[in-house]
2 protein chains.
Amino acid sequence: MEAEKPRRRTRIQTEKRELILDAALEIFSQHGFRGATIDQIADGAGMSKPNLLYYFRSKEEIHITLMQRLLTTWLAPLRELDDVGDPISELRSYIRRKLEMARDYPRESRLFANEILQGAPRIMPMIEGELKTLVDEKAEVISGWMRSGRIIHTDPYHLIFSIWATTQHYADFDVQVRTVLGPLRGGEERFEDAARFLEQIFVDGLQPD
Amino acid sequence: MEAEKPRRRTRIQTEKRELILDAALEIFSQHGFRGATIDQIADGAGMSKPNLLYYFRSKEEIHITLMQRLLTTWLAPLRELDDVGDPISELRSYIRRKLEMARDYPRESRLFANEILQGAPRIMPMIEGELKTLVDEKAEVISGWMRSGRIIHTDPYHLIFSIWATTQHYADFDVQVRTVLGPLRGGEERFEDAARFLEQIFVDGLQPD
DNA sequence: CTAACGTTTGTCCAATTGGTCAAAAAAATG
DNA sequence: CATTTTTTTGACCAATTGGACAAACGTTAG
């Protein structure tokens, strides 16, 4: 029996894999896993299908690699949520960071949404592991703030969900948002408007006074 | 040239079309348009593929029919938002109704989310038309509330978006929500917890006092 | 230069899939 | 019951798609 060679990567391999992953992100986020074809991805990466399959064994391997990277980036803003400083401004800046991600990485957001929508068939382990652990940890931080009376007493998990939902909405439902806002209000400023609105709502609510 | 006969529907036609649409909703909402196959739908409806294609000319025709019906049901809660009574409780019950829809019609929610995620290739006209018109109209109602000082002055469009996002999240990201909440808190009561949380946040925000 | 290794391509294949069609089977109609 | 119309099916087809493979082409180290 031959031992598996770890076989380190060539310069070309590193570069081409990166090219493929970027093209794949584009295609997968637009058409979903089943809707995307290897040909489209290869095309986007400027190479032939067999050539692409030289760098990744299968369509699924590309997708998995992509999802693994994604999750880390995706959870970064939450990871930064810290117990130092004022809770309200911590949450405020979490919302802002999350909204910036929706603006700057909409493809990642849609890729993730697509995967969860279909029941997370390929990333369930990461949801149960990394993601849940982090959320549990941060929910505990938020609970601490509540116990010390610095924010109102409510459910920290649903708070996190609602921040995710509202911010990611601007990436995932982008077409709808832009269509409804129309050409006048649906330009790049929609993210600033959204930021203003969300910070206001989460902090003070709708009730006057 | 023959005139197109309007040719009204048989009892069997009505029944079978209904069966197909229900099966299609199940499959489409789970796999997206491209991920779903006619065979799966036919199977779910308990008939053969050619038989299904006797009732609907193509896969796309099923999808379009489904989306048209969907939108009406989907917008019903917003249509009910009325200028009578207290604005805060109007919005509160809008949130509650929307959350009930996410709970009772998750397939519809996911079907819609899938379509928008991919850029609304098949329902753009309805978004630009029916949906936008309704949102404009209701945003005006909400603006009125703001002008009269009964709720704080903010962006009515982003308010509607944030209600959509937070409520639909519980249908679209169901797997994630249930996984993060775990078996203890992720049962049916998650909708009540969510309702309590959302009403609280939208009305009073996080700031104490 | 040349052997060894890495990269790329053209060709091919089997499975899946959307859709057609003619003929059989069932219902409905008179 | 006989005829017409509707419904159902089995067989078929062409296009798409994920992936295999061997041969050709490049690159690089000795």
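Residues are numbered from 1 along each chain as its sequence is written, and chains are lettered from A in the order in which they are written. Because this is a predicted model, local features need pLDDT of at least 70 and side-chain atom pairs count only at pLDDT 80 or more, while totals for chains, interfaces and linings use all residues; side-chain values use heavy atoms, with hydrogens and water left out.

**View 1. The fold of chain A.** Chain A contains ten helices and zero strands, where helices (H or I, at least four residues) and strands (E, at least two) are DSSP runs numbered from the N terminus. Along its principal axes, the C-alpha trace of chain A spans about 70 × 50 × 30 Å. Of the 209 residues of chain A, 55% count as buried, a word that stands for under 20% relative accessible area, whereas exposed stands for over 50% and partly exposed for values in between (1.4 Å probe, protein chains only). Contact here means heavy atoms within 4.5 Å, and among contacts in chain A between residues at least 6 apart in sequence, 66% join residues at least 24 apart.

View 2. An unreviewed UniProt entry places the feature "domain: HTH tetR-type" at residues 14–74 of chain A. That span, residues 14–74, is 85% helix and 0% strand, and its end C-alpha atoms lie 23 Å apart. The feature "DNA-binding region" is placed by UniProt (unreviewed entry) at residues 37–56 of chain A, where the chain is 70% helix and 0% strand and the end C-alpha atoms are 14 Å apart. UniProt positions are given in the numbering used here, feature names are shortened, and annotations may be inferred rather than shown by experiment.

**View 3. The interface of chain A and chain B.** In this interface, 64 residues of chain A are in contact with 65 residues of chain B. The two chains bury about 5,800 Å² between them, 66% of it on carbon and sulfur atoms; buried area is the accessible area (1.4 Å probe) that two parts lose on being put together, summed over both. Between chain A and chain B, 20 residue pairs are in polar contact, both residues being at pLDDT 80 or more. The largest share of the side of chain A that touches chain B, twelve residues, comes from H8(A). By class, that side of chain A has 31 nonpolar, 21 polar and twelve charged residues. In this grouping Ala, Val, Leu, Ile, Met, Phe, Trp, Tyr, Cys and Pro count as nonpolar, Asp, Glu, Lys and Arg as charged, and the others, Gly among them, as polar.

**View 4. His158(B) and its partners in chain A.** His158(B) has its place in helix H8 of chain B and is buried, with a relative accessible area of 0%. The side chains of His158(B) and Tyr170(A) are joined by a polar contact of 2.6 Å, a term for a pair of N or O atoms within 3.5 Å, of which, within protein, one must be able to donate a hydrogen and the other to accept it, and residues adjacent in sequence count only if both atoms are side-chain atoms. Leaving aside neighbours within four places in sequence, the residues in contact with His158(B) include Leu181(A), Arg190(A) and Phe197(A).

**View 5. The surroundings of Trp164(B).** Trp164(B) is found in helix H8 (residues 156–172) of chain B and is buried, with a relative accessible area of 4%. Beyond its neighbours within four places in sequence, Trp164(B) is in contact with residues of both chains, among them His169(A), Gln176(A), Leu78(B) and His169(B). Trp164(B) and Leu99(B) are 65 residues apart in sequence, and their C-alpha atoms are 9.1 Å apart in space.

**View 6. Selected salt bridges.** A salt bridge is a side-chain nitrogen of Lys or Arg within 4 Å of a carboxyl oxygen of Asp or Glu, and the structure holds 39 of them over all chains. Two salt bridges are found across the interface of chain A and chain B, and the side chains of Arg185(A) and Asp155(B) meet in a salt bridge (2.4 Å, N to O). In chain B, Asp22(B) forms a salt bridge with Arg107(B), with the closest N and O atoms 3.1 Å apart. Asp22(B) lies in helix H1 (residues 11–35) and Arg107(B) in helix H6 (residues 106–117) of chain B, so this pair ties together parts that are 85 residues apart in sequence.
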